[in-house]
Amino acid sequence: MPKVIFVDPDGVRHDVEVAVGLSVLEAAHQNNIELEGACEGSLACSTCHVVVDPDWYGKLPEATEEEEDMLDMAFGLTRTSRLGCQLIMTEELDGLVLRLPTETRDSRG
C-alpha cells in the first residue's frame, strides 16, 4: 500500500499507509492527523489545505478551477498548496510528502 508522509507544523513526521483511491483528507482522518476538512471533502472550504513538497508537486494532477478558487481563501497559501480532499492516492504517489499549515481558515463564511 502506498504511503503519505504528513509533516506537522512543528516538524514531526507521520508516515501512513493509504489505500489507493482514498483522498489525502480521508487518509488524514483515518490516521488521526490534524487536518480539518470542515466541508467533509465537498470542495466548499479550504480547511484541508496542505503544502506539497516541491519535489512532488509536479507529479500531481493539475488543480481544477474550483480547487484553485477555494485555495485562494486558504491561510498561508504557497506555490505548492493543494486541498487534501482533491488529492487522490495512487501507487505513483507512494512517498508523497505533505506539510500541514500552522493555521486554517474556514472559507464557508
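This is a predicted model: local features need pLDDT of at least 70, side-chain atom pairs count only at pLDDT 80 or more; totals for chains, interfaces and linings use all residues.

Me: Why does Asp69 count as partly exposed?

Reply: Asp69 has 40% relative accessibility, so it counts as partly exposed, the label for values between 20% and 50%. You'll find Asp69 in helix H3, residues 65-71. Helices here are DSSP runs of H or I with at least four residues, strands are E runs with at least two, and both are numbered from the N terminus.

Me: What makes the negative patch on the surface a patch?

Reply: Its members are Glu62, Glu65, Glu66, Glu68, Asp69 and Asp72. A patch takes residues with over 30% relative accessible area and no salt bridge, and like charges are joined within 9 Å. Asp and Glu count as negative, with the charge placed at CG of Asp or CD of Glu.

Me: How do you know that Arg82 and Glu67 form a salt bridge?

Reply: The rule asks for a side-chain nitrogen of Lys or Arg within 4 Å of a carboxyl oxygen of Asp or Glu. For Arg82 and Glu67 the closest N and O atoms are 2.8 Å apart, and the pair is a salt bridge. This pair links distant parts of the chain, with Arg82 in strand S4 (residues 81-83) and Glu67 in helix H3, 15 residues apart. In general, side chains of opposite charge can pair when their charged atoms come close.

Me: Are those two partners buried or exposed?

Reply: Arg82 has 3% relative accessibility, so it counts as buried. Glu67 has 1%, so it counts as buried too.

Me: How many salt bridges does the rule give?

Reply: Two. Asp15 also forms one with Arg13, where the closest N and O atoms are 3.8 Å apart, and the limit is 4 Å. Asp15 is partly exposed, because its relative accessible area is 45%.

Me: What makes the chain as compact as a globular protein of its length?

Reply: Start with the parts: the chain has three helices and five strands, in the order β-β-α-β-α-α-β-β. Its radius of gyration is 12 Å, close to the 13 Å that the globule rule gives for 109 residues, so the chain is as compact as a globular protein of that length. That radius is taken over C-alpha atoms, and the rule is 2.2 Å times the number of residues to the power 0.38. Along its principal axes, the C-alpha trace spans about 35 × 30 × 25 Å, and 46% of the 109 residues count as buried.

Me: Why is Leu35 called buried?

Reply: Leu35 has 5% relative accessibility, so it counts as buried. Leu35 sits in the loop between helix H1 (24-30) and strand S3 (49-52).

Me: Why are Asn32 and Glu40 called exposed?

Reply: Asn32 has 71% relative accessibility, so it counts as exposed. Glu40 is exposed because its relative accessible area is 73%.

Note on methods:
Residues are numbered from 1 along each chain as its sequence is written. Side-chain values use heavy atoms; hydrogens and water are left out. Patches are made of residues with over 30% relative accessible area and no salt bridge: like charges are joined within 9 Å, nonpolar side chains (Val, Leu, Ile, Met, Phe, Trp, Tyr) within 5 Å. Accessible areas come from the Shrake-Rupley method with a 1.4 Å probe; for residues, only the protein chains shown count as cover. Buried means under 20% relative accessible area, exposed over 50%, partly exposed in between (1.4 Å probe, protein chains only).
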